[in-house]
Amino acid sequence: MDLTLWQYQFRIIMLGDSTVGKSSLLKRYTEDLFLDTINQTVGVDFYVHFLEVEPGVRVKLQFWDTAGQERFRSVTRSYYRNSVGGLLVFDMTNRASFEHIKEWHAEVWERVQPYKVVFVLVGHKCDRDEHGDRAVSREEAEKLAGQLGVPYVETSAKNGHNVREAFEMVARRVYQGLLSGEVQLLEGWDGVKCAAPQLCRREGPVWLRPAPPPRRRSAVLELCFKDKAEQAVLICDVR
Ligand SMILES: Nc1nc2c(ncn2[C@@H]2O[C@H](COP(=O)(O)OP(=O)(O)O)[C@@H](O)[C@H]2O)c(=O)[nH]1
Ligand SMILES: [Mg+2]
């Protein structure tokens, strides 16, 4: 199978103050690496990871890693609008980074209207909890998550705890949003891309139907590929 083949692309953005661990989270998820001294992100970096959200539905996750510094905000603002998912990251040993989460959330929320962004709140560097360094309790973080209407997860890029879970939680919530119609494929918006847009538009998104039983499933796949021209478009669109 062509490893670059995907049916959907979700663009997901990393949000949070500088040094909370956004780039380290991405490095751990996409390369399974942790560096004690990681280069500071300047402007915007990209990372890619593929995920099968259900059998036969392969999603290319495109992560945009922003620099949290105020001086770069003008760069990153223009990217919010074309994102469908966001990880709101704070460092649980840094209280100020937790207090800024509401601002990050509000800033993105305002700029993406009328589009929708699916968030997960991430309390990062939980390995430091063992050393008594925690400055934000789980209860407080869960309360904030409840106010924002998002799930909460505690992660560590150092030991890998919950890293995959945090990213996949966002991706699966976006996919659920597509299934329920809460998130829609819209022209001129790059938050979600379909590899073969004409297939997604014709009868509604072909790949977004609930997984059919095996025999009907092959019928759906046949529908996807029965036309050579469509197959060609699908392959052409793969990057
Ligand atoms: N103890 C610990 N340190 C971390 C963790 N994740 C990142 N760091 C460290 O925090 C610092 C800032 O990380 P970075 O990923 O550059 O943060 P960013 O500015 O939000 O992208 C670096 O020194 C990392 O090594 C973690 O899970 N645990
Ligand atoms: Mg960074």
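In which loop does N162 lie? Select N162 to begin: N162 sits in the loop between β6 (152-155) and α6 (163-180). Helices here are DSSP runs of H or I with at least four residues, strands are runs of E with at least two, and both are numbered from the N terminus.

This is a predicted model, in which local features need pLDDT of at least 70, side-chain atom pairs count only at pLDDT 80 or more, and totals for chains, interfaces and linings use all residues. Residues are numbered from 1 along each chain as its sequence is written, while chains are lettered from A and ligands numbered from 1 in the order in which they are written.

Remain at N162 and inspect the backbone: phi is positive, about 60 degrees, although N162 is not a glycine. N162 is partly exposed, with 18 other C-beta atoms within 10 Å. The classes are buried for 20 or more such atoms within 10 Å, exposed for 12 or fewer, and partly exposed in between, with C-beta atoms placed from the backbone.

Next, select K125, in the loop between β5 and α5 (138-148). Its phi is near 70 degrees, a positive value in a residue other than glycine. K125 counts as buried because 25 C-beta neighbours lie inside 10 Å.

Then move to the loop between α4 (101-112) and β5 (118-124), where P114 lies. The peptide bond from Q113 to P114 is cis, with omega near 5 degrees.

Finally, display ligand 1 and select helix α1 (residues 22-31), which gives the most to the shell around this ligand, with three residues.
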